[in-house]
Every structure is written in structure tokens, then in C-alpha cells.
Amino acid sequence: MGRPSSVDRLGPEIREQIGRLLDEGRSLDEIMAHLASLEVREISRSALGRYTQRVNKLAENRRRAEFVAQALERDFGSDPENKLLRHLIKSVEVDLFDILNCEGEEGEDAPKPDAKSSLTIAQTLERLVRTSRHDAALRESIEKRAAEKAKREAAASAEEAGQEAGLSGDMIDKIKRKILGLKAAP
């Protein structure tokens, strides 16, 4: 990665002011005039223009990500099987596959990832696998609890029905044990 731009090398308070002025829709000339009033002369208009383009692209990416997240939330809602998480994992896997294949837009070859980005990709893959395993374990746990609850409810219903039918306590106990998957009483 290249060295930081002249705008990036400014203090955070100056960058915040630039960001605020950009949010207000100020022109490059107006921002340059404001910087001159603060006696900030280390940046050129073209450097500010490049910075503005980068900030605008990041803002657009953020808006697009928020739009996708809202659409996914609308589609999946609070699904107990967590389809949203699985969908997001698949999306990230596809993105990582594209990065690893180094395919640029329109079939152009992009530069190969460097060691730092390869490490980040590996860590992301590790986290995806861990998250996927956690998701599977969570689903299994939920299913197991639901099955146990259903067995207890069925056993309670069987006990009630058995009492109403006049079955003996031993017979009701046998039925409940069978439903709950317990061994017969000695």
C-alpha cells in the first residue's frame, strides 16, 4: 500500500472539518479557502479532489452495504434457523473466492494479494468456519431443546389422558417412560 496522502497526514480535527464541509455540499474551492483560513497549506486542490473522490466512494459503499443489510433483514427477518447468517457467510465466501482468484472487473487480472491481505483473508476464512460451526451447534442445541420439550409435553398429555381413561399408575408410568425414552422401572 502506498504512503498516506497529504490530506491523510493532516490532523484528525482538520480531516473532520473537511468531512463536515463535504457533508454540507461545499465545493473544493470553498474547502480550500477554509483550509487557507486555518493556515493549512500542505495540500493541493488535486490532492483534496482525490481525497473527496475516495471519501465519496467509501460513503457509497457504506450506503450500498446498508441497503443490502436492510434488504436481507426484510427477506429473512428474525428467522430462528438464522438463514441470514448463513447467507452472509456464503456472500463473504464468494467475495473471498473472487479476491483469491484475483479477477478484476471485466475479466481483467488484478494484482495478486500481498502477504498482509493474504493473512487477512486467512483470518476471515478461519472466522467464517468458526461462525459456521457455532451456527450449526446453536441450531442443533435449539432442535434438541425443542424435541425434549415436545417429549415432556407429550408425556404430560399422556399422563392426563391415562388418568381420564382410568389407567393404573404403573401403566401411565410405562407410557410416560416410553415417550421420554427412559428404561422401564425395575
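Author: What follows is a short exchange on one predicted model.

Reader: What is the secondary structure of the chain?

Author: The chain has six helices and zero strands. Along the sequence, the pattern reads α-α-α-α-α-α.

Reader: Why is Thr52 called buried?

Author: Its relative accessible area is 11%. Buried means under 20%. Thr52 therefore counts as buried. Across the chain, 16% of the 186 residues count as buried.

Reader: Which residues does Thr52 touch, leaving out those up to four places away in sequence?

Author: Leu22 and Leu28. Thr52 itself lies in helix H3, residues 45–76.

Reader: What makes the pair of Leu48 and Thr52 a polar contact?

Author: The backbone oxygen of Leu48 lies 2.8 Å from a polar atom of the Thr52 side chain. The cut-off is 3.5 Å for a pair of N or O atoms, one able to donate a hydrogen and the other to accept it. The distance of 2.8 Å is within 3.5 Å, so the pair meets the distance cut-off.

Reader: How do you know that the span of H1 is close to the expected one?

Author: Helix H1, residues 12–23, has 12 residues. From first C-alpha to last, H1 reaches 16 Å, and 16 Å is expected at 1.5 Å a residue.

Reader: Which residues of H1 are buried, and why are they placed on the same side?

Author: They are Ile14, Ile18, Leu21 and Leu22. They cover an arc of only 100 degrees around the axis, so they sit on the same side of H1. The face turned away from that buried side carries the exposed residues Glu16 and Asp23.

Reader: What follows H1?

Author: Gly25, with a positive phi near 85 degrees.

Methods
Residues numbered from 1 in each chain as written. Predicted model: local features only at pLDDT ≥ 70, side-chain atom pairs only at ≥ 80, totals over all residues. Heavy atoms only, no water. Helix = DSSP H or I, 4+ residues; strand = E, 2+ residues; numbered from the N terminus. Buried < 20%, exposed > 50% of the residue type's maximum accessible area, 1.4 Å probe, protein only. Contact = heavy atoms within 4.5 Å. Expected span 1.5 Å × (residues − 1). Arc of directions from axis to C-beta.
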